[in-house]
Amino acid sequence: LGRPTARSEPLWARSCPPPFTDGFNRPDGPVGNGWSNSTGNVNGDLLIRNGTLSTPGPDGGAGIYRPIDLSVPVTVSATLTHGNGFGGLLNRYSAGFRLGSNASGGGGYSVSFARGDENFMDSRVVVNGIQFFSTFQFGASITTRFTVSPDGNITGSVSGSGSTFNFSSGPSGGVLLGSKLIISLAFPDGR
């Protein structure tokens, strides 16, 4: 069963103070290391499996969060792997990052990555609610690096399968309801 994960390249965010990194490369179990479970998780919480941030099983969605300082630019870097879509189809993506949110995921600036599955040519990055269709289709894994400025300006890139897609969004009128960085992953489709 293909489960979406965040792995390989350490997830890191730079803010002041202090910067932190987390490659999630630790023994299986709860996420720990300063992360808390988001409220509203459906069918379980994210966990560490095989040295990656992973989903516990099919048919749900969950997130984790930790405090950040958005008074300075924050850079996030992560490698994401696909999850199974309907009937076990590959290359499904539904993963997101929200900065300046509260624990339930409300408010803040957002960057998410989506693809229906291998039958859909709809790979996209959604930045503060605006969809940017990628110039390539997301495959087994993608790597992203993006920077969020205090005014909500977001610039970054996503790479995979030998291709890179750059994205950017000007200052956002988004409302900061908190000081959290949230990572959310949709679970594989169990049908």
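Ring pairs join Phe 97, Phe 113, Phe 146 and Phe 167 into a cluster. The structure is a predicted model, and a search of the whole of it finds six aromatic pairs. One of the pairs within the predicted structure is formed by Phe 24 and Trp 35, whose rings are tilted at 40° with a centre-to-centre distance of 5.9 Å. Both residues lie in the loop between strand 2 (20-22) and strand 3, so this pair ties together parts that are eleven residues apart in sequence. Phe 24 and Trp 35 are each buried.

The rings of Phe 113 and Phe 167 have centres 6.4 Å apart and planes at 70°, so this pair is edge-to-face. Phe 113 and Phe 167 are both buried.

Trp 35 has a further neighbour in Arg 66, which lies over the face of the Trp 35 ring at 5.2 Å from the ring centre.

Seven strands form an open sheet in the order 3-6-15-8-9-10-11, with antiparallel pairing. Strand 3 and strand 11 (130-133) stand at the edges with a single partner strand each, so one side of each has no neighbour in the sheet. In general, the strands of a sheet pair through backbone hydrogen bonds, in either a parallel or an antiparallel sense.

| Strand pair | Sense | Bridges |
|---|---|---|
| Strand 3 (residues 36-37) and strand 6 | antiparallel | two bridges |
| Strand 6 and strand 15 (residues 180-186) | antiparallel | seven bridges |
| Strand 8 (residues 93-101) and strand 9 (residues 109-115) | antiparallel | seven bridges |

Individual residues mark these pairings. Ser 36 stands opposite Tyr 65 in strand 6, and Ala 62 has Leu 185 in strand 15 as its bridge partner. Phe 97, a member of the ring cluster, stands opposite Val 111 in strand 9. Strand 6 is mostly covered, with five of its seven residues buried.

**Two residues in their surroundings**

Gly 60 is located in the loop between strand 5 (52-54) and strand 6 (61-67). Is Gly 60 buried, partly exposed or exposed? Its relative accessibility is 25%, so Gly 60 counts as partly exposed. Apart from residues up to four places away in sequence, Gly 60 touches Val 42, Asn 43, Ala 186 and Phe 187. Gly 60 and Asn 166 are separated by 106 residues in sequence and by 30 Å in space, C-alpha to C-alpha.

Ser 157 lies in strand 13 (residues 154-160). With a relative accessible area of 19%, Ser 157 is buried, because the cut-off for burial is under 20%. Neighbours within four places in sequence aside, Ser 157 is in contact with Thr 143, Thr 144, Arg 145, Thr 164, Phe 165, Asn 166 and Phe 167. Phe 167 also belongs to the ring cluster.

**Confidence of the model**

The mean pLDDT of the protein chain is 87, and 90% of its residues reach 70 or more. Over residues 6-10, pLDDT stays under 50, and for these residues the model has 16 contacts beyond four places in sequence.

Key
Residues are numbered from 1 along each chain as its sequence is written. This is a predicted model: local features need pLDDT of at least 70, side-chain atom pairs count only at pLDDT 80 or more; totals for chains, interfaces and linings use all residues. Side-chain values use heavy atoms; hydrogens and water are left out. Helices (H or I, at least four residues) and strands (E, at least two) are DSSP runs, numbered from the N terminus. Buried means under 20% relative accessible area, exposed over 50%, partly exposed in between (1.4 Å probe, protein chains only). Contact means heavy atoms within 4.5 Å. pLDDT is the predictor's confidence in each residue, from 0 to 100. Two strands pair if DSSP finds at least two bridges between them. Rings of Phe, Tyr and Trp (its six-membered ring) pair if their centres lie within 6.5 Å; planes under 30 degrees apart count as stacked, over 60 as edge-to-face and the rest as tilted. A charge sits over a ring if NZ of Lys or CZ of Arg is within 6 Å of the ring centre and within 35 degrees of the ring normal.
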